[in-house]
Amino acid sequence: MTSAGRVRIILVDDEHLLRTALATLLPLDGTVEVIAQADDGADAVTAVLAHRPDVLVIDLEMPGVDGLEATATILDRHPGQRVLMLTRHARPGVLRRALKLGVLGFISKSSDPDDIVHAIHQVHAGKRWIAHDVLEASMTDDSPLTEREADALRETRNGYAVKDIARRLYLSSGTVRNYLSNAMRKTNTNTRHDAARVANDRGWL
């Protein structure tokens with residue numbers, strides 16, 4: 001924290017109007033200081049490593065490098081980083097993945113700024129803080145996909161070839177093909193790309 005006792009945050013969201021509004025509203029009570037902003041996951045990684053904020057407040061869904069992927073990179077390089085994740089839609093299964101990464105907080109982007117400030121302070125104190133609506137949505141996960149099948153589809157969605165997926169997931173190409181084949185069967189699709197699209201649309205990724 002700064003000498004004035006404020007929690008230093010970096011704010012990451014690809015929606016310019018929302019990000020700038022939060023950057024204006026969150027510091028109003030004098031306990032939060034926005035030290036940097038970013039509009040995508042790649043810039044978030046750079047900003048966090050450069051500024052080392054007390055709390056990273058990052059959007060879950062962004063084009064290119066999304067919030068989870070950026071957070072995974074950040075926590076790998078800086079394990080102690082406190083993270084509060086923002087989401088517009090609490091997708092089934094996402095909470096589990098975020099907590100597994102080490103994310104402490106999860107809150108809806110539609111939350112009142114005062115509630116977001118409260119969540120920032122809870123996360124900064126090392127406490128887990130999950131908004132009720134996010135927690136409620138996470139309990140409705142009806143995905144038929146295994147965790148590894150979902151991992152393979154996420155990599156497919158991001159444009160990686162099978163051999164690249166195998167390398168990124170530390171699996172053999174044959175194992176990846178088996179996971180993708182199972183996912184295609186479960187989504188009733190004929191290609192891995194269609195399977196990734198269907199799974200994403202249904203909130204399974």
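**Pockets and helix packing in a predicted model**

Let me start with the second largest pocket: its lining has 5 nonpolar, 3 polar and 5 charged residues. On classes, Ala, Val, Leu, Ile, Met, Phe, Trp, Tyr, Cys and Pro count as nonpolar, Asp, Glu, Lys and Arg as charged, and the others, Gly among them, as polar.

Some ground rules. This is a predicted model, where local features need pLDDT of at least 70 and side-chain atom pairs count only at pLDDT 80 or more, while totals for chains, interfaces and linings use all residues. Residues are numbered from 1 along each chain as its sequence is written, and side-chain values use heavy atoms, with hydrogens and water left out.

Back to that pocket. Its volume is about 240 Å³. A pocket here is an open set of points on a 1 Å grid over the protein atoms alone, where a 1.4 Å probe fits, with protein on both sides within 12 Å along at least five of seven lines; lining residues have an atom within 4 Å of a point. Volume means the space filled by probe spheres set on the points, which are joined across faces, edges and corners. In the second largest pocket, 13 residues form the lining, and Leu60, Glu61, Asp66, Arg157 and Asn200 lie nearest the centre.

Now the largest pocket. Its volume is about 720 Å³. Of its 18 lining residues, Ala72, Leu101, Asp151, Glu155 and Leu169 are the closest to the centre. What classes make up the lining of the largest pocket? There are 12 charged residues, 5 nonpolar and 1 polar.

Which helices supply it? At least two lining residues each come from helix 3 (67-77), helix 4 (94-101), helix 7 (147-157) and helix 8 (162-169). Helix 7 gives the largest share, 6 residues. Helices are DSSP runs (H or I, at least four residues), numbered from the N terminus.

On to packing. Helix 7 packs on helix 10 (residues 192-201) at about 105°, axes 9 Å apart. Axes are lines fitted to C-alpha atoms over the stretch in contact, and angles run from 0 to 180 degrees between N-to-C directions. Leu153, Thr156 and Arg157 of helix 7 make contact (heavy atoms within 4.5 Å) with Arg192, His193, Ala195, Ala196, Ala199 and Asn200 of helix 10.

Next, helix 8 and helix 9 (residues 173-187). The angle is again about 105°, with the axes 8 Å apart. Val162, Lys163, Ile165 and Ala166 of helix 8 meet Ser173, Val176, Arg177 and Leu180 of helix 9. That contact has 5 nonpolar, 1 polar and 2 charged residues.

Last pair. Helix 2 (residues 41-51) and helix 3 pack at about 25°, axes 9 Å apart. That makes helix 2 roughly parallel to helix 3. Gly41, Ala44, Val45, Val48 and Leu49 of helix 2 touch Ala70, Thr73, Ile74 and Arg77 of helix 3. By class, that is 6 nonpolar, 2 polar and 1 charged.

Definitions and conventions
Angles under 35 degrees count as roughly parallel, over 145 as roughly antiparallel, 65 to 115 as roughly perpendicular and the rest as oblique.
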